[in-house]
Amino acid sequence: MKTVNKNEFVHQIYLVSSGKGGQGKSTIAVNIAAALLLRGNRVGILDADIYGPAIPRLLGAHIPILPPDKKTPLPMQNFGIQILSLESLVSDRPGVLMREKANPGTMERLMRQIEWNNLDFLIVDLPSGARDIQDMIVKTLTPDGAVIVTTPHQACREDVRQHVCMLQQQGVPIIGLVENMVSWCCEKCGHVESFYTGSTDRWCQIETIAVLPMERSIWKSSQKGVPLVFDPVDTDLGQTFDRIATRLEYKHIETGC
C-alpha cells in the first residue's frame with residue numbers, strides 16, 4: 001500500500017476545524033472542496049469526524065462499512081471529488097462505534113495506507129473536541145494549514161482560542177477564520193439581523209477571511225447532498241467560497257508545491 005505522501009500523491013493538505021461542534025464546519029469543508037474543484041484542481045475530502053461523520057451525506061455519497069477482512073478503506077468519487085469517511089469504521093448498528101478500531105493508533109495506521117489518486121488538495125474535516133484524534137491526524141498528515149470555523153458568539157471564544165493554540169503548538173499555520181451564521185434575513189419583510197462581531201482580536205488576532213449568513217439555500221443544498229457552489233443561481237455565497245479556495249491556491253503557490 002502507498003503511504004500518504006504530499007509530494008507524490010497529495011500536494012497540499014488543509015484542515016477545516018472548529019473548537020466545538022455545531023458551527024457548520026462540515027458544510028463549509030464540502031463547499032471549499034467543491035470550489036477548489038471548480039477552479040480546475042484535483043480534490044479529495046477526508047471525513048475524519050468519527051463521532052459525527054456528515055461529509056458523505058453532504059456530497060450525496062454512500063460510504064460502505066469496511067468489511068472485517070479488508071484492512072484499508074478506499075476513497076470513492078462523487079461530483080469529481082474523491083471522498084473517504086472514517087464512517088467506514090462505524091458498525092452497521094446506528095450510533096455504535098467499533099471501539100477497537102476507533103482508537104488513534106489503529107486509525108493512524110489506516111490513514112497512512114489510504115491510496116489517494118494524485119490530489120492537488122486534500123480537505124480534512126477535523127472532529128471537534130476529540131483532542132487525541134486531532135493530535136493523531138495532525139501528526140499523521142502534517143497539514144499545510146487550517147481554516148477555523150466558528151459562529152460569532154461569546155461562548156465560542158474560549159473554544160476557538162484553545163483550538164488555535166493547539167494547532168499553533170503543533171506547527172499548523174492558520175489560514176484564517178470563517179465566521180458562520182453571522183446574520184439572518186426575514187423572508188417576509190426583508191429585515192436583516194446581524195450578529196457579526198467585526199473584531200479580529202476577539203478571535204486571537206486571526207484574520208477573518210469569510211463571513212457567512214444563515215441562508216435557506218445552504219440548508220437546502222445540504223439536504224439534497226449537492227454543494228451550494230454548484231448552484232448557478234446563488235452567486236454571492238459561491239463567490240465567497242471561491243475566495244477561500246483562491247486563498248488556499250495562493251498558499252499552495254507560496255510553498256512552491
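Biologist: Is Arg 39 buried or exposed, or something in between?
Modeller: Arg 39 comes out partly exposed, at 35% relative accessibility. The cut-offs are under 20% relative accessible area for buried, over 50% for exposed and partly exposed in between, with a 1.4 Å probe and protein chains only. Keep in mind that this is a predicted model, so local features need pLDDT of at least 70 and side-chain atom pairs count only at pLDDT 80 or more, while totals for chains, interfaces and linings use all residues. Residues are numbered from 1 along each chain as its sequence is written, and side-chain values use heavy atoms, leaving out hydrogens and water.

Biologist: Which residue does Arg 39 form a salt bridge with?
Modeller: Asp 242, with the closest N and O atoms 3.0 Å apart. Arg 39 sits in the loop between helix 1 and strand 2 (43-47) and Asp 242 in helix 7 (residues 235-254), so this pair links parts of the chain 203 residues apart. A salt bridge here is a side-chain nitrogen of Lys or Arg within 4 Å of a carboxyl oxygen of Asp or Glu. Helices (H or I, at least four residues) and strands (E, at least two) are DSSP runs, numbered from the N terminus.

Biologist: How many salt bridges turn up in the whole structure?
Modeller: Five. One of them pairs Asp 125 with Lys 25, where the closest N and O atoms are 2.7 Å apart. Asp 125 is in strand 5 (residues 119-125) and Lys 25 is in helix 1, so they tie together parts 100 residues apart in sequence.

Biologist: And is Asp 125 buried or exposed?
Modeller: Buried, at 0% relative accessibility. Lys 25 is buried too, at 7%.

Biologist: OK, new topic. Which residues have the most contacts inside the largest nonpolar core?
Modeller: Ile 32, Ile 45, Ile 123, Val 178, Phe 241 and Leu 248, in a core of 37 residues. Helix 1 (residues 25-38) is the top contributor, giving nine residues. By nonpolar core I mean a set of buried Ala, Val, Leu, Ile, Met, Phe, Trp, Tyr and Cys residues joined through side-chain atoms within 4.5 Å.

Biologist: What does Ile 123 touch?
Modeller: Leaving out residues up to four places away in sequence, its contacts (heavy atoms within 4.5 Å) include Tyr 14, Ala 29, Ile 32, Ile 45 and Leu 248. There is another core apart from that one, with 30 residues, among them Leu 46, Met 136, Val 138 and Ile 148.
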